Amino acid sequence: MDKRTLIQTLTEARAEWENLLAQFSEDQMLTPGATGNWTVKDVIAHVTWGEREIAPVLRTRKLVGSELWNLTDDERNEIVYQQQKDRPLQDIIRNERQAYNDLFEAIQTLSDEDLNDPHRFQDMPEQWSPWQLIAGNSFKHYRDHMPALREWLAKQR
């Protein structure tokens, strides 16, 4: 994938994500059931974790992250949920916007070659494409969660 296409895809998906979130009232964002027992706020915190983890990888060109990377998705998701569930909604939203901005800035520093060559990142497995790591922690991640959020929103109306 080239950088221009990645940025365009990310920007479009981000607008779609933000437009969807804007449709929820504060009460709806705090009501369990948006995805399983999670609230919309919990989903936002979950997405934030991925954005926040990947930005330093892009800046340092090293595949290093928190100890949670060594866990299964379910284990990691539960820990992130437990760490974030009692934080105020506005803090979660503010942190997510900052994480996205940091990720976007880090992407700006990459070349087309960086996005496609795992050898440009220390300790990245050869079979990985850096752009796919970005996608899984940003625009693909948003799109993974949007159908459930849309369905839940429709039920709330």
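Helices here are DSSP runs of H or I with at least four residues, numbered from the N terminus. Welcome to a tour of a predicted model, in which local features need pLDDT of at least 70, side-chain atom pairs count only at pLDDT 80 or more, and totals for chains, interfaces and linings use all residues. Residues are numbered from 1 along each chain as its sequence is written, and side-chain values use heavy atoms, with hydrogens and water left out.

**Helix α3**

- Helix α3 covers residues 40-60, and its end C-alpha atoms are 31 Å apart, which agrees with the 30 Å that its 21 residues should span at 1.5 Å a residue. The expected span is 1.5 Å times one less than the number of residues in the helix.
- Of the 21 residues in α3, 17 are buried. Buried means under 20% relative accessible area, exposed means over 50%, and partly exposed is in between, with a 1.4 Å probe and protein chains only.
- The N-terminal end of α3 is capped by Thr39, which has a side-chain oxygen 3.3 Å from the backbone nitrogen of Lys41.

**The cavity**

- One cavity of 30 Å³ or more is present in the structure. A cavity is a set of points, on a 1 Å grid over the protein atoms alone, where a 1.4 Å probe fits but cannot get out; a pocket is an open set with protein on both sides within 12 Å along at least five of seven lines, and lining residues have an atom within 4 Å of a point.
- The volume of the largest cavity is about 60 Å³. Grid points are joined across faces, edges and corners, and a volume is the space filled by probe spheres set on the points.
- Residues lining the largest cavity include Ala45, Thr48, Trp49 and Arg52, along with Val80, Gln83, Gln84, Arg87, Ile92 and Asn95. Two or more lining residues come from each of α3, α4 (73-84) and α5 (89-108).
- By class, this lining has four nonpolar, four polar and two charged residues. Ala, Val, Leu, Ile, Met, Phe, Trp, Tyr, Cys and Pro count as nonpolar, Asp, Glu, Lys and Arg as charged, and the others, Gly among them, as polar.

**The pockets**

- The largest pocket holds about 580 Å³ of space.
- Its lining has 18 residues, and those nearest the centre of the pocket are Trp49, Asp73, Arg76, Gly136 and Asn137. At least two lining residues come from each of α3, α4 and α7.
- Seven nonpolar, eight polar and three charged residues make up the lining of the largest pocket.
- In the second largest pocket there is about 150 Å³ of space. Arg14, Glu18, Leu21, Ala22, Met29, Ile44, Ile93, Glu96 and Arg97 line this pocket.
- For the second largest pocket, α1 (3-22) and α5 each supply at least two lining residues, and α1 has the largest share with four. This lining has five nonpolar and four charged residues, with no polar ones.

**Residues in the loops**

- Arg61 sits in the loop between α3 and α4 and is not a glycine, although its phi is positive, at about 60°. With 23% relative accessibility, Arg61 counts as partly exposed.
- Asp123 is in the loop between α6 (112-116) and α7 (130-136), and it too has a positive phi, about 70°, although it is not a glycine.
- The relative accessible area of Asp123 is 57%, so this residue is exposed. Its C-alpha atom is separated by 18 Å from that of Gly136, 13 residues apart along the chain.
- Ser138 belongs to the loop between α7 and α8 (139-156), and its 0% relative accessibility makes it buried.
- With neighbours within four places in sequence set aside, Ser138 is in contact (heavy atoms within 4.5 Å) with Leu10 and Leu103.

Conventions:
Polar contact = N/O pair within 3.5 Å; in protein donor to acceptor, adjacent residues only side chain to side chain.
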